Amino acid sequence: MKKILIILLFGYSCLSIKAQQGSRWINNFSYPHLSFETSYYIGSPSLHNRFINKYFEGAYLNDATKNLALSTLDKKNILGGNNYYQLFYAYPASNVHFANLFFFSLTNTSILDMSFEPQLFELVFSGNTKFAGTDILLNENSFYFTNFSQLKGGFSKIISSASRTHTIALSAALNVGSSHNYVKINNTRLHTAADATAIDIETKLNMQWVTENIKSNIKYFNGIGTGLDIFYAYECLNGNNFNFWLKDLGFIHWFEESTLHLESDTAINFEGLVFDDFTEIASAIGRLNSDTLAESFNKTVAQQKSFRTYLPLSIQAYFSHTFNETFKAGAGFQNYPNLFKKPMFFADLHYQLHPTLKITQSFSYGGYSNFSAGLNMMLSFKDFLVYIGSDHLTSYINNDLFRGQGFFLRISKKFNHHETRTIKHQ
Amino acid sequence: MKTFRVFFLLFIIFFLKACFKEPQSPSWDTSVSAPLLKTSLGIHSLITDSLIHTDSASFVYLVYKNLLYQFAPDSLLKKPDTVSHVIYKIPFNAYFPPGQEIINKSEEKVYSFGKSQISTILLKKGLLKFNVSNTLEEAIKLNYHIPSATKNGTSLKFAALIPAAQNGGLNYTSTVDISGYKLNMKGASGLSTNTLNTHINAFINPSGDSTRITIHDKFQFTVQFEKLEMAFIKGFFEPVDINAKDATPVELFDLITSGSINFEQIQADILIENGYGVDLKLKINDISSYNERTQNEVALNAPILGQTINLIRATETGQKQKPVIPSYYFIDFSETNIKNMFENLPDKFYFDIEGQTNPMGNISGGNDFYYNGFGLNVFLNLNIPLSIKAHDLTLSENFDFSLNKNNSNSHITHGNFNLITDNGFPFDAEVQLYLYDADNTLHDSLMFNNLIAAAPLNQNNIAESSTKSIIDVPIPPQKMEKLYETHTIRIQIKFNTNHADYIKLYDFYKMDLQLTGDFNLFVTH
């Protein structure tokens with residue numbers, strides 16, 4: 001039980017969460033292009049960054065840290081983030097009618113998404129002693145963590161007229177699932193007797209757990225699936241641009257031998273490890289260090305069963321206007337309908353300070369943060385482009401007022417191409 | 001090219017990161033209140049079920065049957081060993097053609113069973129072992145026959161081709177299973193005893209070559225019984241003296257390490273069972289109980305001691321399922337000091353028994369018998385109504401113990417534990433746990449300082465309700481560390497009836513125990 005609660009709250013600490021709202025638009029390549037990109041993002045609108053950092057750094061969480069975190073929690077809280085690593089290659093098509101650009105990418109993505117109530121937080125980090133004699137009610141708590149890799153391939157097609165350009169891009173993905181941990185605890189009542197003689201748990205538990213694939217010995221190959229990305233861009237000569245992106249419309253089928261599946265209404269009355277004979281007393285004491293409640297939970301029927309999960313679909317729209325060669329402004333929104341992550345609205349201001357230096361100011365509200373502001377910088381020299389920044393600088397400036405943290409880095413190399421096609425850049 | 005190197009490096013980083021996400025391990029202290037252990041201990045938890053009997057009112061009796069002495073069949077009759085021993089040699093050198101018979105010998109082997117005269121033996125198990133030593137340069141065909149050993153109407157035969165000697169000699173060994181064979185020991189005339197007929201002949205290998213046998217050559221042949229177990233023996237068994245001065249263990253009180261117990265009553269008797277087909281004369285000189293811990297010995301004081309007991313022979317029924325009806329001799333010890341002997345909480349009983357089998361000689365006309373599974377046994381039977389007084393009666397036992405904090409994501413650092421008891425037994429109890437380290441040195445204890453109070457008795461001296469007691473067990477961090485270093489725990493429970501009358505124990509008495517804790521759990525995730 002303890003493990004489930006901990007995982008429900010924070011999952012694997014190996015998770016390094018990364019993401020950023022500034023995603024790559026696919027319509028801006030006129031040369032062969034190779035890039036490496038990484039990004040992380042983690043946040044909670046309510047939970048303090050200081051606590052999150054200490055947790056993921058593997059520090060000791062003392063009472064002051066826990067109490068401070070608890071004081072900031074709302075009745076319902078979300079916490080989550082994502083990170084990814086990507087190798088991307090784009091190649092302008094020649095002599096192909098249906099496409100102007102081909103692109104391929106290899107991506108590894110981790111997603112954490114959870115919702116929890118403060119009583120769960122308190123139960124996990126402070127224990128149940130203060131709740132003795134009372135009920136702990138847990139209504140909506142869930143934990144979701146997934147890690148998967150994708151091999152994507154796609155193309156884009158540009159349809160131009162005198163005053164406007166339409167770009168449509170499609171890509172298909174082969175998904176390889178590594179981890180999938182999902183626990184949902186709803187309508188749960190946990191009662192600790194005042195004299196600690198019994199713990200009663202009534203819970204509606206739904207758990208999907210993908211463990212290491214022992215049978216195949218391919219440790220991180222536990223599921224397979226496909227996905228689809230759709231991208232559309234509209235550009236006008238008057239400087240108005242509009243982009244829309246539907247990303248990761250797909251699924252992963254998790255193999256049976258790696259799964260542990262449990263979906264049940266469970267009622268447990270735990271009165272201690274039961275032993276029947278005088279001679280068993282020492283071995284019973286010796287078992288006390290194991291998670292006895294978890295042991296009781298294990299007696300409920302969990303089964304190995306293959307199942308299918310959907311990728312965390314994201315929908316993103318962005319409108320921008322280019323005022324002149326040195327200034328552009330935009331606004332958009334991003335939503336993950338399958339996650340607890342809130343819809344995020346963002347705006348950015350782009351300043352081309354020098355032919356080799358572009359600065360972007362970003363402002364956002366939503367996601368796993370509230371209001372955040374950030375600064376991004378794009379440096380170009382020779383054929384290289386380095387894009388680095390953070391959309392959550394505010395939390396580094398004032399950790400008490402702002403939430404969320406993350407950064408991104410992209411290094412790309414542009415290759416000369418003898419048959420360069422003219423594709424308009426943003 | 002350089003660019004590709006950079007991206008190749010990034011590619012490697014990508015996969016390393018994807019495959020090796022090193023977990024960080026945050027840790028915290030959490031305060032947990034939880035039940036830990038629960039059990040219900042009754043009479044059956046303390047005493048082996050097979051010893052417990054109850055009457056219609058659920059009153060508990062301890063029924064104990066202890067084999068005090070057994071007169072083994074081997075003492076009654078010694079077993080035969082060698083069956084045949086033949087040495088073949090010739091006084092001059094000569095050539096022998098194939099098929100030439102070199103041995104043809106019938107023998108009546110008379111065994112010595114002392115003065116016993118055995119007419120029939122039925123073997124339950126056994127082997128006939130052939131040892132052949134041959135220096136002849138040609139194989140020898142050997143036929144061995146025991147006409148008086150039969151099984152299902154067929155006599156025992158053994159045939160073998162003994163290989164020729166190589167490098168001057170050859171040793172050949174073979175065994176034949178003779179389980180189930182009946183040995184007629186009356187000889188060829190049918191009037192003898194202890195006699196077994198055998199026949200052996202040996203030939204130069206009929207399929208071999210002529211061979212030269214010299215005066216130095218030797219063909220030696222030995223047949224022996226091995227691993228014999230008798231199913232049945234008949235004849236006259238010579239009188240054998242019985243002199244038994246020995247001890248037999250008593251395991252009833254193994255858990256008791258100190259204190260005393262008084263029984264209201266003990267019903268005890270000795271039952272002598274004679275399953276042999278011989279008459280017996282016995283004399284019990286002494287029986288005493290010995291407590292090794294206190295080194296206290298209590299001798300039985302009973303009129304039967306030193307008196308001659310004559311026991312007639314068992315009766316043959318002729319039925320295969322139950323071939324013997326033993327004869328019995330019963331000695332009641334209820335009016336003796338047997339109660340004192342058991343209140344001595346003995347580890348063992350010493351006994352001194354003497355006697356003789358067939359003291360009148362061969363009065364059966366050679367019809368003494370032995371059947372496997374039947375013999376002379378002396379049993380001590382006890383029926384102890386568990387109506388007792390206990391004074392500091394202490395039960396102790398050692399248990400292996402391992403509480404490893406390194407193989408779990410959480411471990412208890414300190415806490416306050418409660419032993420909540422609901423005692424339905426009408427006696428007080430004190431529980432202590434002693435902790436021993438890897439060197440088996442006592443290094444700490446968990447002192448349960450409060451008493452588990454006795455259940456109250458009603459006017460009929462029966463405990464109908466239970467008494468609840470809560471015992472605090474504070475375990476500070478230092479003590480908790482010692483618990484993690486503990487390899488053996490000695491559990492000690494001390495009972496006191498604290499009542500003038502004897503307390504009767506009923507089958508429905510039980511003590512519910514629950515260990516709960518308010519403790520600090522150090523969690524590493």
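The dialogue below explains how to read several features of this predicted model.

Colleague: How many salt bridges are there over all chains?

Modeller: A salt bridge pairs a side-chain nitrogen of Lys or Arg with a carboxyl oxygen of Asp or Glu within 4 Å. By this rule, the count over all chains is 21. One of them joins the side chains of A:Arg410 and A:Glu37, with an N to O distance of 3.5 Å.

Colleague: Which parts of chain A does the pair of A:Arg410 and A:Glu37 tie together?

Modeller: A:Arg410 belongs to strand β19 (residues 405-414) of chain A and A:Glu37 to strand β1 (residues 33-43) of chain A, so the pair ties together parts 373 residues apart in sequence. Both A:Arg410 and A:Glu37 are buried.

Colleague: In the salt bridge of A:Lys130 and A:Glu122, is A:Lys130 buried or exposed?

Modeller: Buried means under 20% relative accessible area, and exposed means over 50%. A:Lys130 has 56% relative accessibility and therefore counts as exposed. A:Glu122 has 12%, so A:Glu122 counts as buried. Their side chains meet at 2.5 Å, N to O.

Colleague: Where in chain B do B:Asp444 and B:Lys479 lie?

Modeller: These two residues form a salt bridge whose closest N and O atoms are 3.7 Å apart. The pair links distant parts of the chain, with B:Asp444 in strand β30 (residues 442-447) of chain B and B:Lys479 in helix α5 (residues 477-484) of chain B, 35 residues apart. B:Asp444 and B:Lys479 are both buried. Salt bridges can also share partners, and such bridges join A:Lys152, A:Asp229, A:Lys247 and A:Asp248 into one network.

Colleague: What is the phi of B:Asn194, and what is that of B:Leu345?

Modeller: Most residues other than glycine have a negative phi. B:Asn194, however, has a positive phi near 60°, and B:Leu345 has a positive phi near 50°. B:Asn194 sits in the loop between β11 (182-184) and β12 (195-204) of chain B, while B:Leu345 sits in the loop between α4 (338-343) and β24 (348-357) of chain B. With a relative accessible area of 7%, B:Asn194 is buried; B:Leu345, at 5%, is buried as well.

Colleague: Which backbone oxygen does the side chain of A:Ser390 reach?

Modeller: The side chain of A:Ser390 reaches the backbone oxygen of A:Gly406 at 2.6 Å. A:Ser390 lies in strand β18 (residues 384-390) of chain A, and its relative accessibility is 6%, which means that A:Ser390 counts as buried.

Terms used: Residues are numbered from 1 along each chain as its sequence is written. Chains are lettered from A and ligands numbered from 1 in the order in which they are written. This is a predicted model: local features need pLDDT of at least 70, side-chain atom pairs count only at pLDDT 80 or more; totals for chains, interfaces and linings use all residues. Side-chain values use heavy atoms; hydrogens and water are left out. Helices (H or I, at least four residues) and strands (E, at least two) are DSSP runs, numbered from the N terminus. Buried means under 20% relative accessible area, exposed over 50%, partly exposed in between (1.4 Å probe, protein chains only). A polar contact is a pair of N or O atoms within 3.5 Å; within protein, one must be able to donate a hydrogen and the other to accept it, and residues adjacent in sequence count only if both atoms are side-chain atoms.
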